[in-house]
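Please look over the structure shown below, with attention to its ligand site, its nonpolar core and a few individual residues. The briefing that follows takes these topics in turn.

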Amino acid sequence: MNTSTSSPVLAVNLLDRTPADARQAVADWTRQRGLPAYRVNQIVRRLWRAPVASWSDATELPLALRAELEAAFPIPRLAVEVEQRSADGTRKYLWRLADAEAVESVLIPSGSRRTLCISSQAGCALRCAFCATGRMGFRRNLSAFEIAGQVRELVLRNPDDLPTNIVFMGMGEPLLNWPAVDAALTVLNAEDGFGIGARHITVSTVGILPGLAAFARRPEQFRLAISLHATTPEQRLALMPIEKKYDLEAVLAAAAAFRRRVTFEYVMIAGQNDRDADADRLAKLARRVGALVNILPLHPGGAPDLAPTSGERIRAFAARLRNQGIEATVRRSRGLDIDAACGQLRTRTEKAERAERMERGRRSS
Ligand code: SAH
């Protein structure tokens, strides 16, 4: 028990909690201070729905209350380090975190949709052969506020940028950071949070089985995308080391057991997984699981040693899937001019920083 009134107040990060938990903490806090109950809604609204950069901006609240909120519930921020705009409207952000780690988000406008691709980890441990994030290795898990904060920062900059859709296709493997992703999903979806419909939120994974089981237990209609990329265990192992731990057959079984429609992601790599026989096997697997197929052109930045499949071959591959009754979509490569693929912006920034350090070193020696 805290018996001393002069002991320092422990600051609480409300943004790391679910909206319901944050509301409870705020309700307790206002009650202890004898504040009217309507303050709770006013305060909680400023966390996500109508976010403020700091409590001093919540001008509907008395000045003294704002100062107390600042002390009790300081609002942590992600600092925007780079914002790049592509000619096609795609925008890419590099966020600098408090401990100097950096993660990326990509905003992809398309008609009335605004899809935000968010990161769940700094770096990634999986080392898929084609992925730029894999190359940098694992740095650390993001906390819930750092995940949902990628949306919050966007809305703070411009409320009209609130995404209509979220995909966990930025840096990291979301199901290797389940507790934080679990809470972030609630923040993204809840009425008190960002209010984005569950069917508009997609978690993309290589198929981490314990995480998949936990995700499947969530009652909301969140979407699942599985990064398949290969149709035989041997092929998949050559591209994705995780095949050793969670093999193709086990991942397919988990996908089939998922109550909702699943999407397979399939990155096209010349000569590795793009032949007719691959399409035929993929069609069989997709039919078995009832999956849609998302065909991704290989983004060259992630894989200097792999060649992208030609556009013509990609179209033939997709047609072959459709001829076998599979719903297949070829993703347009967006933001090619701004390195808008997984991990590329951070990698680029670090290269530039290294080059600059070397240059400085040369000059001072
Ligand atoms: N770890 C999760 C989310 C990461 S990225 C997962 O693997 O699903 C989202 C998608 O982008 C994955 O399907 C990933 O395989 C794919 N991807 C990674 N690097 C790519 C590249 N260079 N070109 C095309 N797609 C890539």
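A polar side-chain atom of Ser204 lies 2.6 Å from an oxygen atom of the ligand, a polar contact being a pair of N or O atoms within 3.5 Å, where within protein one must be able to donate a hydrogen and the other to accept it, and residues adjacent in sequence count only if both atoms are side-chain atoms. This is a predicted model, in which local features need pLDDT of at least 70 and side-chain atom pairs count only at pLDDT 80 or more, whereas totals for chains, interfaces and linings use all residues. Residues are numbered from 1 along each chain as its sequence is written, and side-chain values use heavy atoms, with hydrogens and water left out.

- Strand S8 (201-205), strand S10 (262-268) and strand S11 (292-297) are the elements that give two or more residues to the shell around the ligand (strands are DSSP runs of E with at least two residues, helices runs of H or I with at least four, numbered from the N terminus).
- Among the 20 residues around the ligand, Phe130, Ser204, Ser227, His229 and His299 come nearest, where a residue is near if one of its heavy atoms lies within 4 Å.

**Nonpolar core**

- The largest nonpolar core has 101 residues, of which Phe130, Phe168, Phe264, Val293 and Leu321 touch the most other members; such a core is a set of buried Ala, Val, Leu, Ile, Met, Phe, Trp, Tyr and Cys residues joined through side-chain atoms within 4.5 Å.
- Helix H6 (residues 178-189) provides the largest share of this core, 7 residues.
- Domain 1 (14-72) and domain 2 (79-349) both give residues to this core, so the core lies between them, with domain bounds taken from an automatic or database domain assignment.

**Individual residues**

- His229 sits in the loop between strand S9 (223-227) and helix H8 (233-239), has a positive phi near 65° although it is not glycine, and counts as buried at 4% relative accessibility (buried means under 20% relative accessible area, exposed over 50%, partly exposed in between, with a 1.4 Å probe and protein chains only).
- Arg127, in the loop between strand S5 (121-123) and helix H4 (132-136), has a positive phi near 50° and counts as partly exposed at 49% relative accessibility.
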